[in-house]
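Reader: Could we go through the aromatic residues in this one together? I am new to this, so please spell out the terms.

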Amino acid sequence: MSEFKIPVSVLVVIYTTDLEVLLMERADRPGFWQSVTGSKDSLDETLRETAIREVMEETGIDANAFSLSDWQLSNIYEIYPVWRHRYAPGVTQNTEHVFGLCVSRHVPVQLAPREHLQYKWLPYRDAADACFSASNAEAILQLPAMLTPVHQ
């Protein structure tokens with residue numbers, strides 16, 4: 001594994017069938033609420049593997065037990081200056097790939113205390129409003145369009 005983060009990440013919107021979304025408050029930036037996010041650990045790790053790993057690390061939820069779908073959406077954004085030191089010199093942009101994970105409303109959530117302080121379930125529009133990241137908010141607002149009548 002490189003000493004620098006790989007500027008390719010996943011955003012996983014965890015939601016229920018009644019369109020409630022799980023948000024977590026960042027430990028390193030209290031007041032910043034977000035969905036599960038994380039970078040690839042290695043260049044050969046697939047995006048799906050990254051999503052499954054990050055969901056487990058951040059929430060304790062086994063994404064393999066639920067319906068994980070690649071929404072085929074990606075965002076390229078400027079890395080916040082406060083976090084650029086984690087990337088190789090000169091890296092200023094990240095490509096984020098969006099996934100959705102439909103879970104049971106009563107799924108237990110176990111936060112990684114170094115990453116998140118607390119979590120909450122919110123109706124999707126309220127969750128979008130609570131996100132500090134514009135790309136996270138935009139992904140959450142896509143939720144109704146991403147639902148399929150029958151989970152495969």
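Reader: Is Phe132 buried, partly exposed or exposed, and what is its relative accessible area?

Author: Phe132 has a relative accessible area of 23%, so Phe132 counts as partly exposed; buried means under 20%, exposed over 50%, and partly exposed in between, with a 1.4 Å probe and protein chains only. Please keep in mind that this is a predicted model, where local features need pLDDT of at least 70, side-chain atom pairs count only at pLDDT 80 or more, and totals for chains, interfaces and linings use all residues. Residues are numbered from 1 along each chain as its sequence is written, and side-chain values use heavy atoms, with hydrogens and water left out.

Reader: Ok, and how far apart are the ring centres of Trp83 and Phe132?

Author: Their centres are 6.4 Å apart and their planes lie at 55°, so this pair is tilted. Rings of Phe, Tyr and Trp (its six-membered ring) pair if their centres lie within 6.5 Å, and planes under 30 degrees apart count as stacked, over 60 as edge-to-face and the rest as tilted.

Reader: What about Trp83, buried or exposed?

Author: Trp83 has 9% relative accessibility and therefore counts as buried, whereas Tyr80, at 37%, counts as partly exposed.

Reader: Which residues form the aromatic cluster?

Author: One cluster is formed by Phe32, Tyr80, Trp83 and Phe132.

Reader: New topic: which charged end sits over the ring of Trp33?

Author: That is the charged end of Lys120, 4.0 Å from the ring centre; the rule asks for NZ of Lys or CZ of Arg within 6 Å of the ring centre and within 35 degrees of the ring normal.

Reader: And how many aromatic pairs are found in the whole structure?

Author: A search of the whole structure gives five aromatic pairs.
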